Amino acid sequence: MALKHAGIETELREVSLKDKPPAMLRVSSKQTVPVLVTPDGTIIDESVDIMFWALQKSDDNEWLEQKERSARLIEKNDFEFKPWLDNYKYSIGHTEHPKSYYRGKASKFLENLNHRLSNHRYLIDQQIRVADIAIFPFVRQFAFVDKVWFDEAPYPNLKIWLDYWLKSELFNSVMRKHPIWQESS
Ligand SMILES: N[C@@H](CCC(=O)N[C@@H](CS)C(=O)NCC(=O)O)C(=O)O
């Protein structure tokens, strides 16, 4: 979304994580997606760094304003919310705690987001900032684990915000399925 928003043309190579192509293994020791190879050959293998790189090139709508505040919230998302989300999402097979336990833990962050959104339209202030697009995909994941539960959860502002992103032209223009890239293609 950040690359598209910044108008940066990219060659997109869809990979199967079960069968990573040698071209990916050659450039990325970390072997996770996404990984971006910039025109000067720099490898960026953290999605948030790709976002910052793209927006530093072009940021007409000032998504990088309030950068420190965005970065702090993204950190909370990545290190506090995301682990609980993963447990909630993949709890089938976890016998340690019921699904509702992980959902309860993850919900603390959602309460924080919902509260923020009662003060302003977006997560940081009245404008879209990088935190909004960094965090939206994870809230989306959470919502769709159990959509019936989420639809009844007491997060009215968060639901409006999520719905805005789900319907956005930007999200829908990048969320397309692509065939797996082949070395020979
Ligand atoms: N913090 C990293 C996480 C990257 C990550 O873990 N990506 C997963 C897919 S969502 C992955 O590539 N896993 C490697 C694998 O499954 O082999 C980022 O945001 O770029």
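Axes are taken here as lines fitted to C-alpha atoms, for helices over the stretch in contact, and the angles between them run from 0 to 180 degrees between N-to-C directions. Helices (H or I, at least four residues) and strands (E, at least two) are DSSP runs, numbered from the N terminus. The structure is a predicted model, in which local features need pLDDT of at least 70 and side-chain atom pairs count only at pLDDT 80 or more, while totals for chains, interfaces and linings use all residues. Residues are numbered from 1 along each chain as its sequence is written, and side-chain values use heavy atoms, with hydrogens and water left out.

Contact, meaning heavy atoms within 4.5 Å, is formed between Met-51, Phe-52 and Leu-55 in helix 3 and Val-130, Ile-133 and Ala-134 in helix 6. By class, this contact of helix 3 with helix 6 has 6 nonpolar residues and no polar or charged ones, where Ala, Val, Leu, Ile, Met, Phe, Trp, Tyr, Cys and Pro count as nonpolar, Asp, Glu, Lys and Arg as charged, and the others, Gly among them, as polar.

Helix 5 and helix 6 (residues 130-145) pack at an angle of about 140°, with their axes 12 Å apart, and are therefore oblique to each other; angles under 35 degrees count as roughly parallel, over 145 as roughly antiparallel, 65 to 115 as roughly perpendicular and the rest as oblique. Helix 5 passes helix 6 in a left-handed crossing. On the side of helix 5 the contact is made by Lys-99, Arg-103, Ala-106, Ser-107, Phe-109, Leu-110 and Leu-113, and on that of helix 6 by Ile-135, Val-139, Phe-142 and Val-145, giving 8 nonpolar, 1 polar and 2 charged residues by class.

Between helix 4 (residues 67-89) and helix 5 (residues 99-119) the packing angle is about 150° and the axes are 7 Å apart, so that the two helices are roughly antiparallel to each other, with a left-handed crossing. Helix 4 contributes residues including Phe-81, Trp-84 and Tyr-88 to this contact, and helix 5 contributes residues including Tyr-102, Phe-109 and Arg-116. The contact of helix 4 with helix 5 comprises 11 nonpolar, 3 polar and 5 charged residues.

A polar side-chain atom of Lys-20 lies 2.6 Å from an oxygen atom of the ligand, a polar backbone atom of Val-33 is 2.7 Å from a ligand oxygen atom, and a polar side-chain atom of Glu-46 lies 2.8 Å from a ligand nitrogen atom.

Val-33 and Pro-34 are joined by a cis peptide bond, with omega about 0°, and Pro-34 is placed in the loop between helix 2 (22-27) and strand 1 (36-37). Glu-62, in the loop between helix 3 and helix 4, has a phi near 60°, a positive value in a residue other than glycine.

Terms used: Left-handed = near helix turned anticlockwise from the far one by under 90°. Polar contact = N/O pair within 3.5 Å; in protein donor to acceptor, adjacent residues only side chain to side chain.
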